Amino acid sequence: MEQGGGQEETELKRALTTPLLYFFILGDVLGAGVYVLIGQVAADAGGAVWVPLVVALLLALLTAASYAELATKYPRAGGASHYTTRAFGPFAGFIAGFCMLAAGVVSVAALARGFGGDYLSAFVTLPVGLVAVLFLALLALVNARGIKESTRTNVVATVIEVGGLVVIVVLGAWLLLRGDGDAGRLMQLGTPEKGAAAAVLSGSVLAYYSFVGFETSVNVAEETRDPRRSYPRALFGALATAGAVYVLVGIAASAAVPTARLAASSGPLLEVVEEAGGVPSRLFSAIALVAVANGALLTGIMSSRLAYGMAKDGLLPATLTKVLPRRRTPWASITVTTLLAMLLALTGSVATLASTLVLLLLLVFLMVNTAVLVLRRDPGEADHFRTPTALPVLGIASCVVLATQIEAQVWLRGLAIVAVGAVLGALTVVQRSRRAEKEGGLAS
C-alpha cells in the first residue's frame with residue numbers, strides 16, 4: 001500500500017531527514033574501531049597506512065551501491081534479510097538476517113564491555129559486568145524513546161568523535177611542521193614478512209572493518225522521510241566523509257609516530273597525543289568513551305529494527321513487531337536484543353565471537369550484491385536509485401577476495417554460527433509452510 005509521495009505505508013514514524021540520516025551513517029562508520037585501527041593496519045601494511053584505507057573505501061562503496069539501490073527500491077526495516085527473502089526466499093532471508101543479528105548483538109555486547117574497560121578506568125574503577133549491564137539498559141531506554149531522539153544524540157556524539165580525530169590530524173601536521181615527524185614513512189608499504197601487494201590486501205581486510213556500519217542504516221529506511229532521495233545522498237556522503245577522515249588520521253599518525261611503536265600500541269592515537277604534547281591524555285579517554293557509546297547505540301538501533309523487520313516478514317516471532325503506542329518504537333525487539341547483548345557481555349564469550357564479525361558481514365554482503373542483480377526482474381518504483389550492473393558484480397568479487405584473507409579458525413567459528421542459523425531457518429520455513437497449508441485447508 002502506498003502513501004502520498006510514493007512512500008510505502010509503515011507503522012513506524014518517518015522522522016529522519018537527510019542530515020540526520022547522514023550523521024547516523026557517519027557516526028556508525030566512525031565508531032570506536034578508528035581509535036585502535038591505525039596501529040593494526042600499520043602492523044600489516046607498514047607506514048603507508050593510507051593505501052589500504054583507500055582500497056577498503058573503494059571496496060565498501062561497491063557494496064554500498066547495492067544497498068542504495070535496494071534500500072530505495074524496498075524501504076523496509078528488514079534490510080538485508082528483506083532483500084534476500086525477496087530474491088531467494090525465506091530461508092536465505094533468515095540466514096542473512098541471522099548473520100546480521102548475530103554480528104550486531106555481539107558488537108553491542110563487545111562495545112558495552114569496552115565501555116567498562118580501560119577507558120573508563122581513567123576516571124573510575126567499577127566491575128566491567130555491572131557497567132556493561134547498566135550501560136546497555138540506558139542505551140535501550142534511549143532507543144525506545146524514539147528514533148529521532150536517538151539520532152539527535154548521535155549527532156552530538158558524532159561531532160565529538162570527529163572533533164577528536166581532527167585534533168589528531170592537527171597534531172600530526174604540527175609535528176611535521178616543527179620537524180619532529182617523518183613524512184617518508186607514508187611511502188613505506190610492506191613488512192619484513194609481506195611484500196607490498198600482500199600488505200595492501202591484508203591491511204585492507206582490517207581497514208574494511210572500519211567502514212562497515214553503513215549497512216545498518218537500511219534498517220531505518222522505513223523511518224526516513226523520502227528515502228528514495230535521502231538515502232543515497234546520506235550514504236555516499238557519509239562514506240566519503242569517513243574515508244577522508246580515516247586517510248587524514250592515518251597520514252597524521254604514521255608521520256608522527258614510528259611504525260613499530262604505532263603497530264605495538266593498543267591506543268595508537270594516544271601515541272600521537274603523547275608525542276605532540278599539549279593535549280591531556282584523559283581527554284582522549286573521554287572521547288573514546290563517547291565513540292564507544294555512540295557505536296553501541298547505533299548498532300543497538302540496527303539490531304532492534306532488524307529483528308522487527310524479520311518478524312514482519314514472518315521469520316521471527318510476531319511478538320517482536322509490537323511497538324509503543326505513543327513513541328511508535330519497536331519495544332519488544334529492543335528488549336530482546338538488549339537482553340541477549342547483556343547475556344553475552346556477562347559471559348565473557350564475546351571475544352571469541354567478535355573475530356567472526358567481518359566474515360559474517362562478508363557473507364551478508366555477498367548475498368546482497370547477488371540479490372540486487374536477481375531483483376532487477378522486479379521494476380519496483382520508477383524513481384528508485386539504480387547502480388551500474390558492474391558494481392554489484394565487482395562487489396561479489398571483493399567479498400570473495402577479502403574472505404580468502406580470513407584465518408581458518410575464524411572460518412570455523414563463523415560457519416558454526418551459520419549452521420545454527422540454517423537449522424533455525426529450516427524450522428521457520430517448515431512452520432510457515434504448515435501454517436499456510438492449515439490456513440488453506442480452513443479456507444477450502
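Start by selecting helix α7 and colouring its buried residues: Val 131, Ala 132, Phe 135, Leu 136, Leu 139, Ala 140, Asn 143 and Ala 144. Keep in mind throughout that this is a predicted model. The spacing of such positions is worth a thought, because an α-helix has 3.6 residues a turn, so residues three or four places apart point the same way. Now check the length of α7, which covers residues 128-145. Step on to Gly 146, which follows α7 and has a positive phi, near 155°.

**The whole chain**

Zoom out and show everything as a cartoon. You will find 18 helices and zero strands. The chain has 444 residues, and 54% of them count as buried. If you draw the contacts between residues at least 6 apart in sequence, 84% of these join residues at least 24 apart.

**Thr 18, in α1**

Next, go to helix α1, residues 18-29, and pick Thr 18. Is Thr 18 buried or partly exposed? Its relative accessibility is 26%, so Thr 18 counts as partly exposed. Then show the contacts of Thr 18 beyond its neighbours within four places in sequence, and you will see Ser 230, Arg 233 and Ala 234.

**Thr 259, in α11**

Another threonine is the next stop. Thr 259 is in helix α11, residues 259-264. With a relative accessibility of 17%, Thr 259 falls under the 20% cut-off and therefore counts as buried. Which residues is Thr 259 in contact with, leaving aside its neighbours within four places in sequence? Select Ala 42, Gly 46, Gly 47, Arg 185 and Gln 188 to see them.

**Where α13 crosses α14**

Now display helix α13 (residues 281-312) together with helix α14 (residues 331-347). Their axes come within 8 Å and cross at roughly 120°. That angle makes α13 oblique to α14, and the crossing is right-handed. For the side chains involved, show Ser 303, Ser 304, Arg 305, Ala 307 and Tyr 308 on α13, which meet Ser 333, Ile 334 and Thr 337 on α14.

**The α16 and α17 pair**

Finish with helix α16, residues 357-374, and its partner α17. How far apart are their axes, and at what angle do the helices pack? The axes are 9 Å apart and the angle is about 160°, so α16 and α17 are roughly antiparallel to each other. The crossing here is left-handed.

To view the contact itself, select Leu 362, Phe 365, Leu 366, Asn 369, Thr 370, Val 372 and Leu 373 in α16. On the α17 side, they meet Pro 392, Val 393, Gly 395, Ile 396, Cys 399, Val 400, Leu 402 and Ala 403.

Stay with α17 for a last look. This helix covers residues 390-403, and at 1.5 Å a residue its 14 residues should span 20 Å, which agrees with the 20 Å between its end C-alpha atoms. Colour the buried residues of α17: Pro 392, Gly 395, Ser 398, Cys 399, Leu 402 and Ala 403. These residues cover an arc of only 125° around the axis, so they lie on the same side of α17.

Technical notes: Residues are numbered from 1 along each chain as its sequence is written. This is a predicted model: local features need pLDDT of at least 70, side-chain atom pairs count only at pLDDT 80 or more; totals for chains, interfaces and linings use all residues. Side-chain values use heavy atoms; hydrogens and water are left out. Helices (H or I, at least four residues) and strands (E, at least two) are DSSP runs, numbered from the N terminus. The expected span of a helix is 1.5 Å times one less than its number of residues. Buried means under 20% relative accessible area, exposed over 50%, partly exposed in between (1.4 Å probe, protein chains only). The arc is that of the directions from the helix axis to the C-beta atoms. Axes are lines fitted to C-alpha atoms, for helices over the stretch in contact, and angles run from 0 to 180 degrees between N-to-C directions. Angles under 35 degrees count as roughly parallel, over 145 as roughly antiparallel, 65 to 115 as roughly perpendicular and the rest as oblique. A crossing is left-handed if the near helix is turned anticlockwise from the far one by less than a right angle, and right-handed if clockwise. Contact means heavy atoms within 4.5 Å.
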